[in-house]
Amino acid sequence: MKQDALNVAMIGSKFMGRAHANAYSQAGRFFDLPRPVVMHTLAARNLAQTRQFAQRWGWLHASDHWQAVVRDPQIDLVDVGTPNHVHMEQAVAALEAGKHVACEKPLAGTLDDARAMLLAAKRRPKQHTFVWYNYRRCPALALAYQLARAGKLGRIYHVRACYLQDWAGPDAPLVWRFQGKVAGSGSLGDLCAHSIDTARFITGDQITEVEGAVLETFIKQRAVLSDAAGGEISGKGADAKTRKGKSTVDDVVLFIARFKGGAVASFEASRLATGYKNNNRIEIHGDKGAIRFDFERLSELDWYDATADDRLAGWTTINVSNPGVANGGHPYAHAWWPTAHAIGYEHTFINQVADMVQVLSGSKPVVPLPDFADAYETQKVLHAVTESARHRCPVKLSQIK
Ligand code: SOE
């Protein structure tokens, strides 16, 4: 039986604004949702541009006053798709207005902001919170989660995760992702947060210690592009005057971590990994098996069964897109295409909207959705890495509240 419509308001209309808008518009077409999603209001800074974006992507209303939008009694869910430094203000306002809240990752730019979001969510237990760690909704990583929960990996020894891009070379201007006061960190919060979340998600374990952290800023000055009137604009503009500004975040991060269950891990993330475009990789080794994933081959999960007959030992590449396998098919495959008709990056967001609607309808997601409390555990790791790099010493998560 169809329940009441879910009226969504979204704050933000850039990269994640497009990814989320697409997901809200598509989820009801590919999934049988218990509640229809209504793309009610889009809020962003420039009203004329917001109206254009809203019309293009199917939002019913447009506003340049997010504070009023989050208080609109018609809105059920507020989606915060803005830069990290305003996540806390917007998410807390929406929670205080009685809304469910979905927030982009990382939870916030700083631990203090993330803690304020967590406390606001704890004060309102009937309101759901979600964080867009979208890679959990790659069918291959969802299957890895299911294999791990079924004990197929056994005792986990070792996690190896890296997230490598190369768009942030010397020509990349000083956009908000390079401004510490806005982003909080660079590759650490932008990329490595995904790896930390994925490692915690699949292992079902918590990181207890961080050591040997290195945060490196190779490109210390970047072009600040401003228009003729002197207003700062990001991106390249023919009429822009160019001056240099200081990049105050890490370009590259590396660290070692220990899990509560005894596993050890190495993490690295870089936006200067020349040659890699969106190479989000993780490998997990247990005493019964191992998994290997690379987002640049996102439909495939490599699986090694350490319990198989030695004559059959070897890595198997599973195309995680078969709706017909046992237990209802591979995760999310029922909603998409016949086996091996690949899906892409955008589908991880559509899968997330479908799972959020299930939770907001009293049902369960295909695999767990991170709420603010879950995402706060990842935020504590981000903070521990920063402290370990700053003081060149190990940092125990128990020291961080
Ligand atoms: C930029 O590095 C970025 O868009 C990240 O912010 C996203 O979280 C990641 O999914 C793709 O790369």
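1. **Ground rules.** This is a predicted model, where local features need pLDDT of at least 70, side-chain atom pairs count only at pLDDT 80 or more, and totals for chains, interfaces and linings use all residues. Residues are numbered from 1 along each chain as its sequence is written, and side-chain values use heavy atoms, with hydrogens and water left out.

2. **Domains.** The protein chain has domain 1 (6-131) and domain 2 (155-287 + 377-387). These bounds come from an automatic or database domain assignment. The C-alpha centres of the two domains lie 24 Å apart. Twelve residues from domain 1 and 14 residues from domain 2 make the contact. Contact means heavy atoms within 4.5 Å.

3. **Buried area.** Domain 1 and domain 2 bury about 960 Å² between them, and carbon and sulfur atoms give 62% of this. Buried area is the accessible area (1.4 Å probe) that two parts lose on being put together, summed over both. On the domain 1 side, His85, Lys105 and Leu111 lose the most area to domain 2. Together they account for 47% of what that side buries.

4. **Links across the interface.** The rule finds one salt bridge between domain 1 and domain 2. A salt bridge needs a side-chain nitrogen of Lys or Arg within 4 Å of a carboxyl oxygen of Asp or Glu. Lysine 105 and aspartate 190 form a salt bridge, with their closest N and O atoms 3.4 Å apart. The side of domain 1 that touches domain 2 has seven nonpolar, four polar and one charged residues. Here Ala, Val, Leu, Ile, Met, Phe, Trp, Tyr, Cys and Pro count as nonpolar, Asp, Glu, Lys and Arg as charged, and the others, Gly among them, as polar.

5. Lysine 277 lies in the loop between strand S12 (264-270) and strand S13 (279-286), and aspartate 166 in the loop between strand S7 (156-164) and helix H7 (180-183), so the pair ties together parts that are 111 residues apart in sequence. Helices (H or I, at least four residues) and strands (E, at least two) are DSSP runs, numbered from the N terminus.

6. **Backbone details.** Proline 106 sits in the loop between strand S5 (100-103) and helix H5 (111-122). Alanine 340 has phi near 75°, a positive value in a residue other than glycine. Alanine 340 is in the loop between strand S16 (315-319) and H9.
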